[in-house]
Amino acid sequence: MATVGFIGVGNMGGPMAINLVNAGHQVKVYDLSPDLVDNVVKVGAVAAASPQEVVKDIDVLVSMLPSGKIVEDLYIHKERLLASISASTLVIDCSTIAPENAINLALAAKEKGIVTLDAPVSGGVGGAVAGTLTFIVGGEAQAFEQARPLLMNMGKNVFHAGDHGAGQTAKICNNMLLAVHMIGTAEALQLGVDNGLDPKVLSDIMLQSSGRNWSLELYNPFPGVMDSVPASNDYNGGFQVDLMNKDLGLALQAALKSQSATPMGTLAKSLYSQHGRQGWGKKDFSSIQTWFKKVLNK
Ligand code: NAD
């Protein structure tokens, strides 16, 4: 069993850290929010008062943070955490960030003899809680093999996508597709409801038909169709519209660089940007369902 430092125990990082504790690892946690740290301490982790304290005497450091700027500020520019990390510690950043951020981190770490992996995840908060996440890893093959057993304590699929940054590239392709099928699912459900169908009956039909997809199967956006999803909890928890907007921005940046055609991803970014600007930024991304709802004349 390893001694693991964990930075960022929010919607995703919290349950991931809890799964590491439950697997028998010694886990030290740090987050800007002490309440979130307490949730993990309650199951047996130890609280650290600073990022510098969390990285002391650990085998592996995992971080799960909102954005590339925050990751670079923490490790390289503001906190300069790399200076406090031992060369024997493997750093696994699970945040979804630009491939360029992951490469910057890998290069800055390498100068200090530290090995990093980018290991963004798919599977949502449900997958983080159940320990069924998919890890999409970029970095050296040897480090990937070293990380695999630990990642399997938090997930059930671990892929090596390629060198540093490749994990992030694969992840943003996936999330662009996720946005597109979530919007399509919401649009189809509203069309059915507007034409007299019960959303649950329509969902059951489409699940056994060619419209089947992950959003419909595990994350139905129509309130009341599925228990334990954000749509049935006023779109709270889950994956924030702001974070989906970040990921779509990363996808469009990559598309610009490679001159790829991404008409669906571009439309999805426009819809999610508008949705966020209308006050839905902190709500779950399945709340795009409300965008299709008819508003009665005032
Ligand atoms: P979140 O906002 O719930 O959690 C992020 C945590 O990081 C917060 O608790 C915050 O306090 C902490 N934090 C921010 N800056 C920090 C700093 N400098 N030092 C220490 N802690 C800091 O977000 P989340 O939903 O858990 O997402 C985290 C990452 O996972 C994002 O990159 C997101 O794109 C990705 N992701 C999220 C989901 C999902 O369904 N929520 C799914 C896959 C991937």
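Mentor: Leaving aside its neighbours within four places in sequence, A106 is in contact with T116, G139 and H164, where contact means that the C-beta atoms of two residues, placed from the backbone, lie within 7 Å. This is a predicted model, in which local features need pLDDT of at least 70 and side-chain atom pairs count only at pLDDT 80 or more, while totals for chains, interfaces and linings use all residues. Residues are numbered from 1 along each chain as its sequence is written.

A106 has 22 other C-beta atoms within 10 Å and is therefore buried; the term requires 20 or more such atoms within 10 Å, whereas 12 or fewer make a residue exposed and counts in between make it partly exposed. Between the C-alpha atoms of A106 and V91 the distance is 9.3 Å, although the two are 15 residues apart in sequence.

A106 sits in helix α5, helices being DSSP runs of H or I with at least four residues, numbered from the N terminus. The axis of α5 (residues 99-111) comes within 10 Å of that of helix α4 (residues 68-77), and the two cross at roughly 10°, the axes being lines fitted to C-alpha atoms over the stretch in contact, with angles that run from 0 to 180 degrees between N-to-C directions. The crossing makes α4 roughly parallel to α5, a label for angles under 35 degrees, as against over 145 for roughly antiparallel, 65 to 115 for roughly perpendicular and oblique for the rest. On the α4 side the contact is made by G68, V71, E72, Y75 and I76, and on the α5 side by N101, N104, L105 and A108. These residues divide into 5 nonpolar, 3 polar and 1 charged, where Ala, Val, Leu, Ile, Met, Phe, Trp, Tyr, Cys and Pro count as nonpolar, Asp, Glu, Lys and Arg as charged, and the others, Gly among them, as polar.

I92, not counting residues up to four places away in sequence, touches V60, V62, L117, A119 and A147.
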